[in-house]
Amino acid sequence: MPGSRSARIQVLVAGQAALRGARVGVVDVCTAAVSALPVRGAGVSAMSRTAASHPLCSTDGISERLEELQLTLGEGPCVDAFTHGSAVLVPDLLAGEAHDRWTVFADAALETGARAVFALPLQMGAISPGVLDLYADVPTMLDAGELADAQAFADLATLLLLDARIEETRAPVDRALRGRGSEDLGGYRAEIDQATGMLTVQLGVGIDEAFVRLRAHAYAQGRRLADVAADVVARRLRLPPDTEPQRTDDET
Amino acid sequence: MNQQLLAKTFVELADNLVADFDLIDFLRLLTDRCVGMLDASAAGVLLADRDGELRVMAASDERVRLLELFQLQNDEGPCLECFRTGAPVAITDLPREIDRWPRFVAAAHRSGFGAVQALPMRLRDETVGALNLFHAAPGPFDPVGTLVAQALADVATISLLQQRSTQRSTVLNEQLQNALNSRVLIEQAKGKLAERQGIDMEEAFTALRTYARAHNRRLSDLARAFIDNSEPLPGLAA
């Protein structure tokens, strides 16, 4: 939907990538978030319940330190956001429960120069590959619009992170898939989610991988994600269990 | 309108707005009661995401065809108009609106519906979604029924704020985000269970809901555990 919040966020992120002269990546979400929100730095960590979590990128030294701290200590807004699946907003690390909740982290974070911390889980239902962390060096409240923007940045980071996994685990699908963003998540959303669940069984893969494969197939076929999902749900389409998506054209 | 049933329904809904509150299960209950009390054939609760797209939070029937009828209204239809204007929309004779909403009217007609209502879910100055009622026969709506429907839409709105929040947050935005994400979880779980058991989406939802209630779990928590394979769930899937 042109003019929508998601569209505006995508433009901001694409702008950052253009400034770098590179394809859109998670780092661009971080730099765009810093430029658009009343925060001084941003970082993303890949999180997992089964494998090790690790920082992916950050915009400055303080962000980098905050990511490391939380993963090393195993406590903090980032960890809680991931565990509970909802945003953890701390307008002031000195006030309220921050100290009770994360005794060691709160002190260590203040020492780095952070005063406000906002942790947003990257998630689509059970797909939860990581967390976006924002910080400010003064007490800060995000208003409703800013919080919605932050969540939109998190959503885009989710897709970019999943896209990156395609390329890590197998031969690259298609470079152009990256940066496609959230534009094709419109349409009949319920079917997209149902099809993803179905594919975990059909392909024998986890939910993240199922979604990646669904999207990869839609793109390879030049079809809208919602339409492919509708076919899967109606059992008109079964995805092949191959690792390579089937292509109808001759792209290299 | 049956006064006793009316009173009983509101007491039942109020009783469910307590600790251990499960939003999706609650909204399903609300849509079921709409069908029971308001002479409606189907009911759904739609919520707008941060892009203003209407998403289905609950419906009295989880069959794919009905869900499509709700989702179709992202492009045209009474719910979209209701959401944009913040005012109720009442269509007593659906076929007459064929030029106004060609796709929606055709799809609703195919599903056997002749009249539609959309009641706004409003919180202070903001419209966050709509309660959508489908009726089989065209014809005027009972004014008392419409008042009750609006009251139920208001209850649905309030329920959004009752969600468990680890930080006791009252920011509506976060509550909406949690609600929408819960629904995604449930849709993913429906798909997985439907595929594994060879059942349809309505049966899958019923199985999940029944299991959640029997084991005193939140639907969304159960959905997550099922998708992640993080715990044995004996009796849910073979």
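This is a predicted model: local features need pLDDT of at least 70, side-chain atom pairs count only at pLDDT 80 or more; totals for chains, interfaces and linings use all residues.
The C-alpha trace of chain B extends over about 50 × 40 × 40 Å along its principal axes. Of the 238 residues in chain B, 46% are buried, and among the contacts of chain B with a separation of 6 or more, 61% are made by residues 24 or more positions apart.

Chain B is assigned a domain 1 covering 3-162 and a domain 2 covering 176-228, and the centres of these two domains of chain B, taken over C-alpha atoms, are separated by 22 Å. Contact between them involves 15 residues of domain 1 of chain B and 15 residues of domain 2 of chain B. On the side of domain 1 of chain B that touches domain 2 of chain B, the elements giving two or more residues are helix H2 (23-37) and strand E2 of chain B, with H2(B) giving the most, 4 residues. By class, this side of domain 1 of chain B consists of 7 nonpolar and 8 charged residues, with no polar ones.

Chain A is likewise assigned a domain 1, here spanning 5-169, and a domain 2, spanning 186-233. The C-alpha centres of domain 1 and domain 2 of chain A are 27 Å apart, and 7 residues of domain 1 of chain A are in contact with 6 residues of domain 2 of chain A. Strand E5 (127-136) and helix H7 of chain A are the elements that give two or more residues to the side of domain 1 of chain A that touches domain 2 of chain A, and the most, 3 residues, comes from H7(A). That side of domain 1 of chain A has 5 nonpolar, 1 polar and 1 charged residues.

Between the chains, 33 residues of chain A are in contact with 33 residues of chain B. Two or more residues of the side of chain A that touches chain B are given by each of helix H1 (5-20), strand E4 (116-124), helix H7 (144-169) and helix H8 (189-202) of chain A, and the largest share, 11 residues, comes from H8(A). The residues on this side of chain A divide by class into 16 nonpolar, 14 polar and 3 charged.

The largest nonpolar core comprises 94 residues, and the residues with the most contacts inside this core are A:Ala229 and B:Leu131. Helix H7 (residues 172-197) of chain B contributes the largest share of this core, 8 residues. When neighbours within four places in sequence are left aside, A:Ala229 is in contact with A:Glu191, A:Ile192, A:Ala195 and A:Leu214. A second, separate core has 59 residues, including A:Ile9, A:Ala32, A:Phe82 and A:Leu93.

Of the 14 residues of H1(B), by contrast, the number buried is 1, so H1(B) lies largely in the open. At 1.5 Å a residue, the 14 residues of helix H1 (residues 3-16) of chain B should span 20 Å, which agrees with the 20 Å between its end C-alpha atoms.

Backbone geometry was also examined. Most residues other than glycine have a negative phi. A:Arg235, although not a glycine, has a positive phi of about 60°, and this residue is placed in the segment after helix H10 (225-233) of chain A. Because A:Arg235 has 10 C-beta neighbours inside 10 Å, A:Arg235 counts as exposed. In chain B, the phi of B:Asn216 is likewise positive, near 55°, in a residue other than glycine. B:Asn216 lies in the loop between helix H8 (201-214) and helix H9 (219-228) of chain B, and, with 8 other C-beta atoms within 10 Å, B:Asn216 is exposed.

Key:
Residues are numbered from 1 along each chain as its sequence is written. Chains are lettered from A and ligands numbered from 1 in the order in which they are written. Two residues are in contact if their C-beta atoms, placed from the backbone, lie within 7 Å. Ala, Val, Leu, Ile, Met, Phe, Trp, Tyr, Cys and Pro count as nonpolar, Asp, Glu, Lys and Arg as charged, and the others, Gly among them, as polar. Domain bounds come from an automatic or database domain assignment. A residue is buried if 20 or more other C-beta atoms lie within 10 Å of its own, exposed if 12 or fewer, and partly exposed in between; C-beta atoms are placed from the backbone. A nonpolar core is a set of buried Ala, Val, Leu, Ile, Met, Phe, Trp, Tyr and Cys residues joined through C-beta atoms within 7 Å. The expected span of a helix is 1.5 Å times one less than its number of residues.
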